[in-house]
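I opened this model to look up its aromatic rings, its sheet and its cores. My notes follow in the order I took them.

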Amino acid sequence: MKLVMFDMDGTLIDTEALISEHMATTFAGAGLRPPTPAEARRVIGLSLPKAMARLLGTDDTALAEKLAEDYRGHYRASLVAAEGREGLFPGAREALNLLRSRADTLLGIATGKGLNGVHRLTQLHGIADHFVTLQTPDHNPSKPHPGMMLRAMAETGADARDTVIIGDTTFDIEMGKAAGTRAIGVTWGYHHPDELRAAGADRIVETYADLPAAIDSILES
């Protein structure tokens with residue numbers, strides 16, 4: 001079986017504006033300089049505590065954990081107002097439907113988003129049944145540690161040579177490479193394509209329409 005793992009924020013779901021806003025609100029509420037949208041964009045994909053620590057530029061894990069919890073509170077409080085601001089990227093649904101229809105392919109998620117958020121968004125968009133394995137920081141180390149990919153392969157029985165991660169950040173690509181899998185970078189997310197290539201991406205795709213062929217190319221090579 002082939003195992004195709006998807007990142008969420010920046011790959012499946014367009015949440016950049018919401019995340020940037022809540023990062024700014026969280027830091028301002030703690031009396032800290034709010035990160036700019038460009039700075040927030042650089043940490044999307046990491047677990048929240050790790051993202052906060054990177055934005056802080058310190059090893060103060062207690063503060064990072066507190067900011068992460070404050071951020072979760074802001075995000076939860078905004079869910080009603082956020083309706084329509086967490087959409088699938090163009091072509092994502094069609095690509096997922098096509099890949100799901102293949103008898104030799106399993107789909108999964110590997111994301112820095114918490115499991116509750118994954119369940120909420122996959123149910124919101126009617127794609128929860130597409131995925132057989134969900135890997136989050138709730139039970140794994142943050143990207144780029146390979147734990148999410150290794151656990152997904154263990155759960156599904158897939159071999160590394162038959163597994164690929166689809167992601168928009170270097171964290172995704174580095175995670176896949178560390179786990180011994182293939183990796184495809186997408187251009188519509190949060191890190192530049194040149195960074196994805198430098199991190200070891202086997203392919204770069206510019207639209208979801210190009211994704212199935214790219215998967216076939218690298219998993220059959």
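I started with Trp188, which is buried at a relative accessible area of 18%. Buried here means under 20% relative accessible area, exposed means over 50%, and partly exposed lies in between (1.4 Å probe, protein chains only). The model is predicted: local features need pLDDT of at least 70, side-chain atom pairs count only at pLDDT 80 or more, and totals for chains, interfaces and linings use all residues. Residues are numbered from 1 along each chain as its sequence is written, and side-chain values use heavy atoms, with hydrogens and water left out.

Next I checked the rings of Trp188 and Tyr208: their centres are 4.6 Å apart and their planes stand at 35°, so I logged the pair as tilted. Rings of Phe, Tyr and Trp (its six-membered ring) pair if their centres lie within 6.5 Å; planes under 30 degrees apart are stacked, over 60 edge-to-face, and the rest tilted. Trp188 sits in the loop between S5 and H9, and Tyr208 in the loop between strand S6 (203-205) and H10, 20 residues apart. Helices (H or I, at least four residues) and strands (E, at least two) are DSSP runs, numbered from the N terminus. Tyr208 is buried, as is Trp188.

I then searched the whole structure and got three aromatic pairs. One of them joins Phe89 and Trp188, with centres 6.5 Å apart and planes at 45°, so this pair is tilted. Phe89 lies in the loop between helix H4 (61-77) and H5, and Trp188 in the loop between S5 and helix H9 (193-199), so the pair ties together parts 99 residues apart in sequence. Phe89 counts as buried at 9% relative accessibility. Ring pairs link Phe89, Trp188 and Tyr208 into a cluster.

**The sheet**

What is the strand order of the open sheet? I read S3-S2-S1-S4-S5-S6, six strands with parallel pairing. Two strands pair if DSSP finds at least two bridges between them. S3 and S6 are the edge strands, each pairing on one side only. The twist averages 25° from one strand to the next. S4 and S5 pair in the parallel sense over four bridges. Gly167 stands opposite Gly185 in S5.

H5 packs on the sheet and touches S1 and S2; its direction makes about 135° with that of S2. Axes are lines fitted to C-alpha atoms, for helices over the stretch in contact, and angles run from 0 to 180 degrees between N-to-C directions. Contact means heavy atoms within 4.5 Å. The buried residues of H5 are Ala92, Ala95, Leu96 and Leu99. They cover an arc of only 100° around the axis, which puts them on the same side of H5. I noted that the buried residues of H5 pack against S1, S2 and H10.

**The cores**

The largest nonpolar core has 29 residues; Phe6, Leu12, Ile166, Ile184, Tyr208 and Ile215 touch the most other members. Such a core is a set of buried Ala, Val, Leu, Ile, Met, Phe, Trp, Tyr and Cys residues joined through side-chain atoms within 4.5 Å. H10 gives the most to this core, with five residues. A second, separate core of 20 residues includes Phe27, Ala51, Leu56 and Tyr190.

**A cis bond**

Last, I found a cis peptide bond between Lys143 and Pro144, with omega about 5°. Pro144 is in the loop between strand S3 (133-135) and helix H7 (147-156).

Technical notes: The arc is that of the directions from the helix axis to the C-beta atoms.
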